[in-house]
Amino acid sequence: MRRIGIDVGGTNTDGALLDGVEVVETIKTPTTNDVLSGIQKVLEGLSHHDIGAVVIGTTQFTNAVVQRSQLNQVGFLRIGLPAGRSLPPLVGWPPDLAEVVRGKTFMVRGGIEYDGRPFEELDESAVIEAAHQFADLGINAIVIAGSFSPIDTRQEDRAAEIIAEYHPKAQITVSHRLGQLGLLERENAAGLNACLLELAGSVISAFASAIDQIGFGSGTRLFLTQNNGTLLQVEEAAKYPVLTFASGPTNSMRGAAALGGVTDGLVVDVGGTTADFGAIVSGYPRQANAAVEVGGVRTLFQLPDVLSIGLGGGSQIHLNPLRLGPNSVGQRLTTEALAFGGSVQTLTDAAIAAGILKIDGTSRPDLPNADEILAHAATIIAGGADRMKLSSNEVPLIAVGGGAFAVSDTMQGITEVVRPRYGDTANAIGAALAEVSGGVDRVFQGMGHDAAVAEAIQIATEDAVASGADPSLVEVIEVEDLPIAYLPGDARRVRARVVGPLK
Amino acid sequence: MTRSLDATDVDDLAVGAWILGTGGGGNPYLNHLNVQQIAATGTQFELIDPQELDDDAQVAVVSTMGAPLVMQERLQDARDVARVVEIMGEYLGSSFDAVMATEIGGSNAFQPLMAAAHLGLPIVDADAMGRAYPEAQMTSFAIGGLQPWPLALVDPRGVEAVITNVPTWKWMERTSRALTIETGSMAATCKAPRSGAEVKRWGVANSMSFAIQLGARVREARAAHEDPVAAICVAAEGELIFTGKIIDVDRRTTGGFLRGTAKLDGLDEYSGYHVELDFQNEWLVARLGDRVIATVPHLICLLDATSGEAIGTETARYGQRVALMGITAPPLFLSPAGLNYVGPRAMGYDLEPVDPCP
């Protein structure tokens, strides 16, 4: 099947057309302020016939949170009293963001114990009262977060039913849909999601109309990519925009891995200002550690482990003693670097001077110690690669990005340096290659480990197939079985996730 | 010397207490957030040196028992910690002059601040562990043979209990642990009250200001773009014993405790060497190859190699780049009575204690 992948980055909007896993065409244009016209330009620049899916990776939702722009107010319903009163919803958020997002917060009696027993019964009359007030105040984006809701989702689900009944315009984010244990972090993730709902509605309908205008036809489906490198159907993306956070680095690493034909190894993306290192394990980026802040808000999102070093093609050269960066001319490379007639000595100038890089329309600058400068850059990059490695085994390194010339062909602990064709649009290729995921996370009773895990995988597979995965190629990528004491009948919470390519 | 703690001290305490948690004690994040909310209302915290206590002063000793995971879902209310001190006062029929921490390592370092804020009492610059330990009887007060009873306990629903008598410290741990688990694995406790004389003789003095100082050194090193790990080692008189990356963490929950092993591969000057770290809530034993290089009661601190932030046994993950630091335990914990409570054999290891600092 032919697919178009688009990655909207801070600087460029990249596109790639793939037939199966073969790259047919790629395109790169500057990201526009409205985002949409850049996407349209990419779509216009690629051929249109027989496109089964358009997959978009975008930083818009992350940027909206970081810039505190285009966010809507949120109503919070916390289920957990009499505990937790001194740490209400929005506690710990940066004050400027909390002020924008805060609609009205309620805390009501309820919650679950770690072993699945109720902590307190849900106070339904308090939920009804909250629903009336949300409706009266015109607050439609509602977060419902209850203690230990991932163990037993029923109180959150019941509260959602009540709010929907008394406040029909409510768009509800239940916390158990977004997270793991850690009430504040899960509630925060739900809050970030809820404050993006209005923006998500308009962005996603704009994407859809852009596709319609191009005239792909009804056989073309539209997806966004999520932070774990898998596809998000547009209907889901409109409800859970927060799942698109940090999909950029994920797409870049997955694209590089696919282009390089590597399922386990390292990736370095050398841009204008930084070199970003990641590790690929079984074709997917290795995840970073527990708590991750997004726009200053603490969450438990699973985001790729990225090591960023201040070295790129635009890094300024400092002499006596020799130092590179961390300052960079960045996007101004083509006006400020020596080779482009500017006055700043950059790493790109050293590569042109040494004859390892040729760029049309540049002159060869006079830099007598260019070889020494490049050797220094290669040493810094080798150090970064070594820090990302998990064991002393040698692994391949895939080098992509405009500054990949700075990566030496041989370095210690690296079997080979792979420089794939189309490496400069690896992010769009990664988006095009995103697979469908399916998951389940629930309590199973009256069956042992093996039977429960088998049933969980079955449900996750059906979920993935319902979302468009090819049933014959679905693979299990995550299974977790947590026995729950105190509940009768051998209860266990099983979480499973499977992925497969689009059929 | 009495001093008041400002917002920066509170932030520094969070960083320093987590380092002294030696992997356990729970990340102080939520209690820190609680105290930040209280401090934002203008509440002052007074820290007094234990030497300034009158011998007959009454000191409340506080900590919360339970599972860190439950604390992350239940979100403890600071008023519960104040309430448990009040319950103890009601039982004794007298009032307290000050509050102190049982455990300076991890989230319990903030408990005296949470109580003091609502009770208007000063905080004693001391604790009874000098770090974090997995069980409630592993204290300097137990080592000193002081009376283990009574103990007051309150859960977030309002279940209130006083254990009026027990034959041994171990029985106090067992009965209070059973109550804690039954009420949902999080309960604020006020331990056996101590006189000023007892705190001066048996408390780990100045441990709270030590934790604040560690946090301050990390903050200053980061601001100056210097190495926070080196700054911590200097401030703590600790020894950097290994740098590497985590290549495996094997965790299992048994008997209500988190146990397991973390494996590290050496980096830089330790390249080619391997360390295994055993834990039961806290880091207990470090082995370089077959050789034991550090054990309890000495402090084994695993730090993020770049930021200097402490890494807990619950959150250690493969791929993290880490520095391993050892700190010599206070002499009291190395005495025969001390080792009986907190030495390697008390934790189930047939080993002599090994000091990581030569």
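Helices (H or I, at least four residues) and strands (E, at least two) are DSSP runs, numbered from the N terminus. This is a predicted model, in which local features need pLDDT of at least 70 and side-chain atom pairs count only at pLDDT 80 or more, while totals for chains, interfaces and linings use all residues. Residues are numbered from 1 along each chain as its sequence is written, and chains are lettered from A and ligands numbered from 1 in the order in which they are written.

**View 1**
Pro321(A) belongs to the loop between β17 (315-318) and β18 (323-328) of chain A.

**View 2**
Strands β5 (residues 74-81) and β6 (residues 102-109) of chain A run parallel and are joined by 7 bridges; two strands pair if DSSP finds at least two bridges between them. Phe76(A) has Thr105(A) as its bridge partner in β6(A). From β5(A) the chain passes through helix α3 (residues 95-101) of chain A to β6(A) in a right-handed β-α-β crossover. Right-handed means that, with the strands pointing away from the viewer, the path from the first strand over the helix to the second runs clockwise.

A residue is buried if 20 or more other C-beta atoms lie within 10 Å of its own, exposed if 12 or fewer, and partly exposed in between, with C-beta atoms placed from the backbone. Helix α5 (residues 111-119) of chain B has 8 of its 9 residues buried, so it is largely enclosed by the rest of the structure. Among the buried residues of α5(B) are Gln111(B), Met114(B) and Leu119(B). Their cover includes α2, β2 (45-48), β3 (58-66), α4, β4 (98-101) and β5 (123-124) of chain B. Gly120(B), with a positive phi near 70 degrees, follows α5(B).

**View 2. Two non-glycine residues with positive phi.**
Val35(A) is not a glycine, yet its phi is positive, about 65 degrees. Val35(A) sits in the loop between β3 (22-30) and α1 (36-45) of chain A and is partly exposed, with 19 other C-beta atoms within 10 Å. Glu237(B), also not a glycine, has a positive phi of about 50 degrees. The loop that holds Glu237(B) lies between α10 (228-236) and β12 of chain B. Glu237(B) is exposed, with 9 other C-beta atoms within 10 Å.

**View 3. The side of chain B that touches chain A.**
In this interface, 27 residues of chain B are in contact with 25 residues of chain A, contact meaning that the C-beta atoms of two residues, placed from the backbone, lie within 7 Å. On the chain B side, α2 (29-40), α3 (68-74), α4 (78-92) and β12 (239-254) each give two or more residues. The largest share, 5 residues, comes from α3(B).
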